[in-house]
Amino acid sequence: MGGIFVNDRAVSLFDNYEIEVNRTWKGRGAILCESDKGLLILKEYNGPMNKIFFQDALLKHIKAAGFPLAESILKTRDGELIVFDQDKVPYIVKTYFEGKECNNRELEECRQAVRTLALLHNCSDLSDWDGLFSQPVFHIEKEYEKHNKELKKVRRFLREKSQKTAFEIYLIEHYDYFFDIALQVTGEMRYYIYDGKKINLEEFPIVCHGDYQYHNIIQAAGGMALINFEKCVRDNPVRDLYLFMRKLLEKNNWSQTLGDALLSAYNEKRTLSKDDYMQLYYRFAYPEKFWKIVNFYYNSGKAWIPGRNMEKLERLFAQEKEKQNFLEAVFQK
């Protein structure tokens, strides 16, 4: 067994599988393996123990439904999805793909990634699988309510703090603007879901990838392949679209042209409904980036604030007008 290993103990876990290993080498937080079953990857598993069965069922379902370029989880000789090392650390072995990550600076690659996402969503309806309902539905408005409580707590902390750094002064000066938006968006979303539309989220059958970012999208020989489904979750499919688009839009100063191009690409393969657009609007409207900056500040050492945090905050404030223009132009048509 040649190659460069992370450590021999981790590599020895391949012995639990019906595979012939040709060589192994270190990947990003994992071990890659060239084998008689193709390219494989060994990764530590950090999710709930019962979630792996749901993930495996989803991957098998989407392939059967016509989406072939997604990873598969290998079973051990004993038929298990998870293998443990001598320290009882859980690992999984999955198929992997030769190719490069999606280039988020290339518009056509990003449009293709969004088309691929729409095709995934077309194949990820698990309404005919009994095990679907063992997994809870993600409630975005409850997540926002949790964020809002955290924002309220940090605002009180900042107001009561006598000695403030330049970062903290700058933060508190702009705090109420974003906090008010957070409260308004959460209230409107809760009304829309529960009072206005009476949507029964518990019956929602679509499963999202959960972490649809460029490094989980591989330009493989047969097209775009998707990996790392560990965060798959029952939610409105716009969850994936929002995550992919938000990061691109932040890097491109909330370009309306870019937003329209990505939404158009998704609609080529899966038509977004009026409810989808409303969900997408609220997710974009919520000041998630502001919450992330505040959350990082409060939960890290407050005596020293990295200069990068100040840069993120200044960039967030500088882009706010463009973001509001984007929301009005793209979603108020």
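A salt bridge here is a side-chain nitrogen of Lys or Arg within 4 Å of a carboxyl oxygen of Asp or Glu. The model is predicted, with local features needing pLDDT of at least 70, side-chain atom pairs counting only at pLDDT 80 or more, and totals for chains, interfaces and linings using all residues. Residues are numbered from 1 along each chain as its sequence is written, and side-chain values use heavy atoms, with hydrogens and water left out.

**Exercise 1: salt bridges**

Find where Lys-94 and Glu-71 lie, and say whether they are buried or exposed.

Solution. 
- Step 1. Begin with the contact: the side chains of Lys-94 and Glu-71 form a salt bridge, at 3.1 Å from N to O.
- Step 2. Now place both ends, where helices (H or I, at least four residues) and strands (E, at least two) are DSSP runs numbered from the N terminus. Lys-94 sits in strand β6 (residues 90-95) and Glu-71 in the loop between α2 (51-64) and β5 (83-84), so that this pair, 23 residues apart, links distant parts of the chain.

Solution. 
- Step 1. Arg-115 is buried because its relative accessibility is 11%, while Glu-108 is partly exposed at 46%.
- Step 2. Lys-161 is partly exposed at 23%, and Glu-168 counts as buried because its relative accessibility is 0%.
- Step 3. Salt bridges that share partners also join Arg-246, Glu-250, Glu-288, Lys-289 and Lys-292 into one network. The count of salt bridges in the model comes to 22.

**Exercise 2: aromatic rings**

Classify the ring pairs of Phe-326 with Trp-254 and with Phe-284.

Solution. 
- Step 1. Rings of Phe, Tyr and Trp (its six-membered ring) pair if their centres lie within 6.5 Å; planes under 30 degrees apart are stacked, over 60 edge-to-face, and the rest tilted. This rule gives 19 aromatic pairs.
- Step 2. For Trp-254 and Phe-326, the centres are 5.3 Å apart with 55° between the planes, and the pair is tilted. Trp-254 is in the loop between α6 (238-251) and α7 (256-269) and Phe-326 is in helix α10 (residues 307-331), so the pair ties together parts that are 72 residues apart in sequence. Both Trp-254 and Phe-326 are buried.
- Step 3. For Phe-284 and Phe-326, the pair is edge-to-face because the planes are at 80°, with the centres 5.7 Å apart. Phe-284 belongs to helix α8 (residues 274-285) and Phe-326 to helix α10, so this pair ties together parts that are 42 residues apart in sequence. Phe-284 and Phe-326 are both buried.
- Step 4. Ring pairs build a cluster whose members include Trp-254, Phe-284, Phe-326, Tyr-242 and Phe-331.

**Exercise 3: Val-185 and its distances**

How far is Val-185 from Tyr-286 and from Glu-288, in sequence and in space?

Solution. 
- Step 1. Val-185 lies in helix α5 (residues 166-196) and is buried, with a relative accessible area of 7%.
- Step 2. Val-185 and Tyr-286 are 101 residues apart in sequence, with C-alpha atoms 6.0 Å apart in space.
- Step 3. Glu-288 is placed in helix α9 (residues 288-299) and is buried at 17%. Between Glu-288 and Val-185 there are 103 residues of separation in sequence and 11 Å in space, C-alpha to C-alpha.

**Exercise 4: two asparagines in loops**

Which loops hold Asn-228 and Asn-253, and what are their phi values?

Solution. 
- Step 1. Asn-228 lies in the loop between β10 and β11. Its phi is positive, about 60°, although Asn-228 is not a glycine. Asn-228 is buried, at 17% relative accessible area.
- Step 2. Asn-253 lies in the loop between α6 and α7. Phi of Asn-253 is near 55°, again positive in a residue other than glycine. Asn-253 is partly exposed at 37%.

Technical notes. Buried means under 20% relative accessible area, exposed over 50%, partly exposed in between (1.4 Å probe, protein chains only).
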